[in-house]
Amino acid sequence: MRHLPELSQELRQILSRRPQANVQLDQAKCTAETSLRRAILCLRNHALVGKKILCVGDDDLVSVSLALLLKRLFPGKEVASGRIEVVDIDERFLQFITGVAKQHALPIRCHRADLRQPLPKKLHRQYDCFFTDPPYTLQGMSLFLSRGISGLQKRKGLPIFLSFAHKSPDFALRMQQQFVQAGVSVREVISHFNEYEGAQMLDGKGQMIVLATTEQTAPIVEHAFTEPLYTGEEARSQRLYRCQKCAHVSKVGAREQVATIEVLKSKGCPRCRHARFALIARRPSNRD
């Protein structure tokens with residue numbers, strides 16, 4: 001598409017203003033190029049034009065990329081040929097996406113929901129595909145996959161765009177077992193498809209897994225979810241950060257006084273108030 005450079009630049013400008021990632025929710029900001037790649041992948045899978053799309057969590061603003069791509073494909077139309085909806089618990093991102101949609105006349109609607117609870121009934125069995133970049137735990141992946149499946153129409157061959165970290169072979173096997181349990185088939189796995197700003201895992205890259213519905217597709221989790229969901233809840237890790245000015249070492253973790261590196265940066269080093277730190281160690285928390 002000849003307009004892709006302009007579209008990529010427009011996305012970079014929009015994404016540069018999005019809220020800060022909340023790592024307690026396993027949020028990690030994908031790059032503008034990644035967000036646009038996801039939209040183009042949707043188009044190539046014939047799941048964009050004239051379709052109704054659900055984003056199960058959207059701190060990556062894939063909804064905006066999809067809508068802007070539709071607008072480029074159908075210039076001059078106030079509402080492009082398609083509809084994108086977002087479900088997320090983070091009110092900051094929902095407000096930001098709503099504001100962008102109003103400013104650019106994009107066909108996006110947002111819904112606030114805690115995905116630990118079942119997907120709201122009004123969103124059931126409506127969508128032609130969904131995108132999700134879930135918490136990087138097995139239970140997080142299964143839960144977000146289940147909520148998205150609840151929103152899909154009951155048809156074979158509907159695509160599911162699942163972004164996930166590269167994991168060990170044993171973890172990948174457990175993921176595949178969850179896919180079998182959910183009754184979805186693996187259509188394509190694209191390694192290093194996703195790039196994230198400032199992410200430390202595997203050089204900030206993750207895979208895109210394209211799934212497809214079958215006659216046996218059904219949510220694995222249908223009721224309220226009460227188990228540990230996010231990486232911090234599961235691992236309870238403690239991270240040590242060294243101040244790049246005075247070398248003071250601060251402890252960061254779900255069970256520490258400072259829960260995330262973002263909080264530490266906002267407060268500054270407790271000794272000198274400098275706001276730049278280097279990760280020097282990661283280990284299990286020693287608290288009960």
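Author: The model is a predicted one. A disulfide is a covalent bond between the sulfur atoms of two cysteines. How many disulfides does the structure hold? The count is zero. Take cysteine 55 to begin with. Its closest cysteine sulfur belongs to cysteine 129, at 8.1 Å. A disulfide requires the two sulfur atoms to be within 2.5 Å, and 8.1 Å is too far for a bond. Cysteine 55 is also buried, as its relative accessible area is 1%. For cysteine 110, the closest cysteine sulfur is that of cysteine 55, 9.0 Å away, so this pair is too far apart for a bond as well. Cysteine 110 is partly exposed, with 23% relative accessibility.

Next comes the helix pair. Helix H1 covers residues 4-15 and helix H3 covers residues 62-73; their axes come within 11 Å and cross at roughly 145 degrees. The crossing of H1 past H3 is right-handed. On the H1 side the contact is made by Glu6, Leu7, Glu10, Leu11 and Ile14, and on the H3 side by Val64, Ser65, Leu68, Leu69 and Arg72. Sorted by class, six of these residues are nonpolar, one is polar and three are charged.

Glutamate 227 is partly exposed, at 49% relative accessible area. Glycine 140 lies 87 residues from glutamate 227 in sequence, while their C-alpha atoms are 9.7 Å apart in space.

Technical notes
Residues numbered from 1 in each chain as written. Predicted model: local features only at pLDDT ≥ 70, side-chain atom pairs only at ≥ 80, totals over all residues. Heavy atoms only, no water. Axes fitted to C-alpha atoms, helices over the stretch in contact; angles between N-to-C directions. Helix = DSSP H or I, 4+ residues; strand = E, 2+ residues; numbered from the N terminus. Left-handed = near helix turned anticlockwise from the far one by under 90°. Contact = heavy atoms within 4.5 Å. Nonpolar A, V, L, I, M, F, W, Y, C, P; charged D, E, K, R; others polar. Buried < 20%, exposed > 50% of the residue type's maximum accessible area, 1.4 Å probe, protein only.
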